[in-house]
Structure formats: C-alpha cells, structure tokens
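Where does this protein leave open space, and what lines it? Please go through the pockets of the structure shown below.

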Amino acid sequence: MSENTFKVMKQRNMRRISGLTEPMRILSQLGIYLFLFLMALIVLFPFYWMVISSLKSLAEYKLSPPTFWPKQVLLSNYADAFTTANLGTLFMNTMYVGLVSTILSLIITVLTAFAFARLEFKGKELLFGALLATMMIPGELFTITNYSTVISFGWLNTFTVLIVPFLVSIFYIYLLRQNFLQIPNELYLAAKVDGTGDFKYLWKVMVPLSLPTLISITILKMMGAWNSYIWPRLVANDDAHRMITNGLRNAFTETTGDVNYPVQMAAVALVSLPLFLVFVFLRKYIMSGVSRSGIKG
C-alpha cells in the first residue's frame with residue numbers, strides 16, 4: 001500500500017468518525033442545556049411565585065386552583081407592606097448591626113489571620129488546630145451558653161447582644177490565613193530588614209494583595225447579619241432592636257388571626273431585593289476570594 005493510498009484511507013476514516021461524533025456532540029450539548037434550563041426553572045419558580053403573589057389581592061391569593069398571573073396587579077401591596085411592618089426602622093436596625101459587626105469582624109479576622117500566617121510563637125499550630133476543631137461543633141450548641149452569658153452581662157434587648165457574640169469567625173480566619181500564606185515570605189523578611197513594622201507591612205502589602213478575599217468575607221458577613229433569625233428573636237425581640245427577619249414574622253397577622261399573605265410576600269420581596277442585587281453584581285468577587293484561598297502557594 002502506497003503512502004498516498006494510506007493517507008486517503010486515513011482521511012476517509014477521519015471524516016467517517018467525525019460524521020458519527022458530530023451529531024452525538026450536538027445531542028450532548030442539547031441535553032446539557034436542557035438540564036440547565038430545567039434546573040433554572042426549579043430554582044427561579046419560588047421567586048416568580050413570590051413576586052406574583054405580592055401583586056394579588058387576598059381573595060385571589062386564596063383561589064383554588066391558583067392563578068399564575070394576577071388578574072389585577074396591586075402595586076399598593078408594597079406600600080402597605082412598608083407601612084404595616086415599619087420596614088424603615090427594620091432596615092435601619094439591620095444595616096446598623098450588619099455594618100458595625102462586619103467592620104469589627106474584619107479587624108479581628110485580619111489581625112488573627114496575620115498572626116497565624118506570619119508571626120512565630122510557641123503553640124501556634126496547636127492553637128490553630130484547636131480553633132479549627134471548634135468548626136466541627138454545631139453553632140446551635142453554643143446558644144444556651146451564649147444566652148446565659150449575655151443575661152449575666154445585662155445585654156438583652158440591646159444592639160450589643162446582636163453584634164458582639166458573632167464577631168469571631170474561625171472559617172473567615174482560616175480563609176484569610178490561607179490567602180496570606182500564598183504571599184511569599186521573602187516580602188515579609190525584606191520588609192523587616194528595611195525596618196518596616198508588622199502593622200505597616202500588613203496594611204501596605206498583605207491587605208491589598210488579599211483584597212478579593214476580604215471583599216468575599218465582607219459580603220458573606222453582611223449577608224449573614226441580614227439573614228440572621230434565631231439569635232435576634234431570642235435576645236432582642238423588642239420594637240427598638242428588632243431585625244428585619246423577625247419583624248416580618250407576625251407583622252401581617254390581623255386581629256382575626258388571618259394573615260395578609262400578598263402584603264407579606266411584598267415585604268419579603270423588598271427584603272430579598274438587596275441580597276439578590278448583591279448576588280448578581282458581586283458574585284464574581286465571592287468566587288474569586290474563595291478560589292484564591294484554596295491553594296497554598
């Protein structure tokens with residue numbers, strides 16, 4: 001068999017294989033997109049139902065079978081939700097607790113992560129291992145002891161009880177420490193030779209290089225404060241310190257015991273909107289910060 005004949009046969013076989021695999025590749029892509037489309041519908045349907053329910057009247061909401069689009073769009077439900085639940089005060093309380101707790105938590109996290117990543121002291125690895133071990137304990141187990149502690153301090157129904165108990169997060173410390181470890185130690189040693197102090201090196205070098213992770217921690221901490229429910233309901237359930245998740249719980253229950261669900265859904269939509277915007281516009285920072293902390297350089 002000549003070389004030219006062999007090349008011709010090889011080309012024919014390649015065209016035959018490509019002709020068989022191309023339809024399979026197209027079908028595979030269609031299957032993947034169909035699966036993603038179905039999963040997107042499953043995920044988005046609750047949000048769709050929340051929005052259309054917030055635009056219905058209470059009588060239409062109770063219809064059976066339910067309507068998948070309101071017969072009469074009632075935007076007034078949103079105004080009623082804002083006034084009925086006093087959302088302005090709830091938003092301000094939640095924003096105050098979220099901002100103060102996030103700022104203080106960032107300071108503690110940065111200093112602790114720097115100490116475990118760069119400073120040398122006796123028992124560092126043992127202490128860090130003990131801190132990581134506490135991550136295996138469910139947070140609910142700390143509720144009783146934390147509640148007893150804040151009662152002894154007289155912190156009930158104050159903003160302090162909403163901020164102080166959760167300033168330290170072992171997960172955030174671990175996340176930032178892993179990111180700090182990716183920064184070459186030679187930079188730190190060179191800075192020490194030049195007479196640069198630890199705090200100046202931390203602020204000028206490590207913080208800027210770890211900015212994506214710090215942004216991720218900030219976003220996650222704010223979202224955690226925004227979604228907090230059990231602890232605020234337990235320790236600060238008065239009108240002056242009520243958080244937004246607790247304020248929506250019974251605000252729409254009428255004197256007859258009925259719940260105005262469309263107005264409640266409108267309030268839930270208003271509360272969910274900030275988190276939705278955070279996810280849409282800042283999700284890349286969350287993914288970038290977490291991915292940068294996963295591999296030690």
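Predicted model: local features only at pLDDT ≥ 70, side-chain atom pairs only at ≥ 80, totals over all residues.

Residues are numbered from 1 along each chain as its sequence is written, and side-chain values use heavy atoms, without hydrogens and water.

The largest pocket holds about 940 Å³ of space. A pocket here is an open set of points on a 1 Å grid over the protein atoms alone, where a 1.4 Å probe fits, with protein on both sides within 12 Å along at least five of seven lines; lining residues have an atom within 4 Å of a point. Its volume is the space filled by probe spheres set on the points, which are joined across faces, edges and corners.

Of the 29 lining residues of the largest pocket, Gly 139, Pro 165, Phe 166, Val 168 and Lys 221 lie nearest its centre. Helices H4 (87–118), H6 (143–153), H7 (160–163), H8 (170–181), H11 (211–227) and H12 (230–235) each supply at least two lining residues, and H11 gives the most, with 4. Helices are DSSP runs of H or I with at least four residues, numbered from the N terminus. By class, this lining has 19 nonpolar, 8 polar and 2 charged residues; Ala, Val, Leu, Ile, Met, Phe, Trp, Tyr, Cys and Pro count as nonpolar, Asp, Glu, Lys and Arg as charged, and the others, Gly among them, as polar.

The second largest pocket has about 360 Å³ of space. Its lining comprises 14 residues, with Phe 47, Met 50, Ser 272, Leu 273 and Phe 276 closest to the centre. Helices H1 (3–53) and H14 (261–292) are the elements giving two or more residues to this lining, and H14 has the largest share, 8 residues. The class count for the second largest pocket is 13 nonpolar, 1 polar and no charged residues.
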